[in-house]
Amino acid sequence: MTRFTLLRPFLLCTVATAGLATASLDAQSSQAHSSQAPSPQGQTNAEATFAGGCFWCMEPPYDNQPGVSATISGYIGGELENPTYEDIARGDTGHAEVVKVVYDSEQISYEQLLAIFWRNIDPFAVDRQFCDVGDQYRSAIFYHDEAQRELAEASKVEMEARFDREIATQIVPATTFWPAEEYHQDYYQKNPVRYKFYRYSCGRDARLEEVWGEEAGGPTFE
């Protein structure tokens, strides 16, 4: 099943009729990387990759954090090369929708990024997040090195102890990351009304509050 079967295709069709055509893959990669601000001298850039269902909804929690220079929506975890949204929506490629976070590790730590991740997902849902169903919407932490793996696993143990139940979120090595089409990048900024309608209709915030209470969607680091 594709994301929010009735709503999201309608939204994407609306976007298409407004003239936001899908860019070529080369253009996607160029656009995604050009959105990253140049690294100031001495800045230590690192990458983190998180799957939390709809990648539209996983960019905002990171965009205003200190030290985060870019968030890029994309696909990871499958074997198909150059996947498109249409490929991923079928749910048979093995890819997950993810957000890649480019950050300065001197300003924000990977542990802090993990704290943000957990509070923006339903950690108990299997092969789904909120109204989006299918393994392409599974929750996962894709680690880039052993240090990230150890921190991710420790945070998962902490979450299982906190809730006293099994956490469904996967912790797996990062593979090839494919940037999503340009119309998906910063969707919440380009189409704020449609984004808010989708998010509300999907029940994302209601479920986050049910799981996390006042911690839902946070924290924001200064």
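Colleague: Which strand does Ile72 lie in?
Modeller: This is a predicted model. Ile72 sits in a strand of the chain, and that strand is β2.

Colleague: Is Ile72 buried or exposed?
Modeller: The relative accessible area of Ile72 is 1%. The cut-off for buried is under 20%. Ile72 is therefore buried.

Colleague: How many of the residues of β2 are buried?
Modeller: Strand β2 covers residues 68–76. The strand is mostly covered. Of its nine residues, the buried ones number eight.

Colleague: How far is Ile72 from Asp186 in space, C-alpha to C-alpha?
Modeller: Along the sequence, Ile72 and Asp186 are 114 residues apart. Contacts between residues 24 or more positions apart make up 80% of those with a separation of 6 or more in the protein chain. For Ile72 and Asp186, the C-alpha separation is 8.1 Å.

Colleague: What is the order of the six strands in the open sheet?
Modeller: The protein chain has ten helices and eight strands. Six strands form the open sheet, with mixed pairing. Their order is β7-β6-β1-β3-β2-β8.

Colleague: Which strands stand at the edges?
Modeller: Each edge strand has a single partner strand, so one side of each is left without a neighbour in the sheet. The edge strands are β7 (170–173) and β8 (178–179).

Colleague: In what sense do β2 and β3 pair, parallel or antiparallel?
Modeller: Strand β3 spans residues 96–104. Ala70 stands opposite Val102 in β3. Gly74 stands opposite Val98 in β3. The pairing runs over eight bridges and is antiparallel.

Colleague: Which residue in β8 is the bridge partner of Gly74?
Modeller: Strands β2 and β8 pair in the antiparallel sense over two bridges. In β8, the partner of Gly74 is Pro179.

Colleague: At about what angle does helix α6 run to β1?
Modeller: Helix α6 takes in residues 110–118. It lies across β1 (45–52), β2, β3 and β6 (139–143). Its angle to β1 is about 20°.

Colleague: At about what angle does helix α7 run to β6?
Modeller: Helix α7 takes in residues 146–163. It lies across β1, β3, β6 and β7. Its angle to β6 is about 150°.

Colleague: Is the crossing of α6 and α7 left-handed or right-handed?
Modeller: The two axes come within 10 Å and cross at roughly 40°. That angle makes α6 oblique to α7. The crossing is right-handed.

Colleague: Which residues of α7 make the contact with α6?
Modeller: From α6, the contact uses Tyr110, Glu111, Leu114 and Trp118. From α7, it uses Gln148, Leu151, Ala152, Ser155, Lys156 and Met159.

Colleague: Which residues does Leu113 touch, not counting those up to four places away in sequence?
Modeller: Leu113 is part of helix α6. It counts as buried because its relative accessibility is 0%. The residues it touches are Ala48, Phe50, Tyr62, Val68, Val101, Tyr103 and Ile108.

Colleague: What separates the C-alpha atoms of Leu113 and Thr49?
Modeller: Leu113 and Thr49 are 64 residues apart along the chain. Their C-alpha atoms are separated by 9.9 Å.

How values were computed
Residues numbered from 1 in each chain as written. Predicted model: local features only at pLDDT ≥ 70, side-chain atom pairs only at ≥ 80, totals over all residues. Heavy atoms only, no water. Helix = DSSP H or I, 4+ residues; strand = E, 2+ residues; numbered from the N terminus. Contact = heavy atoms within 4.5 Å. Pairing = 2+ DSSP bridges. Axes fitted to C-alpha atoms, helices over the stretch in contact; angles between N-to-C directions. Buried < 20%, exposed > 50% of the residue type's maximum accessible area, 1.4 Å probe, protein only. Parallel < 35°, antiparallel > 145°, perpendicular 65-115°, else oblique. Left-handed = near helix turned anticlockwise from the far one by under 90°.
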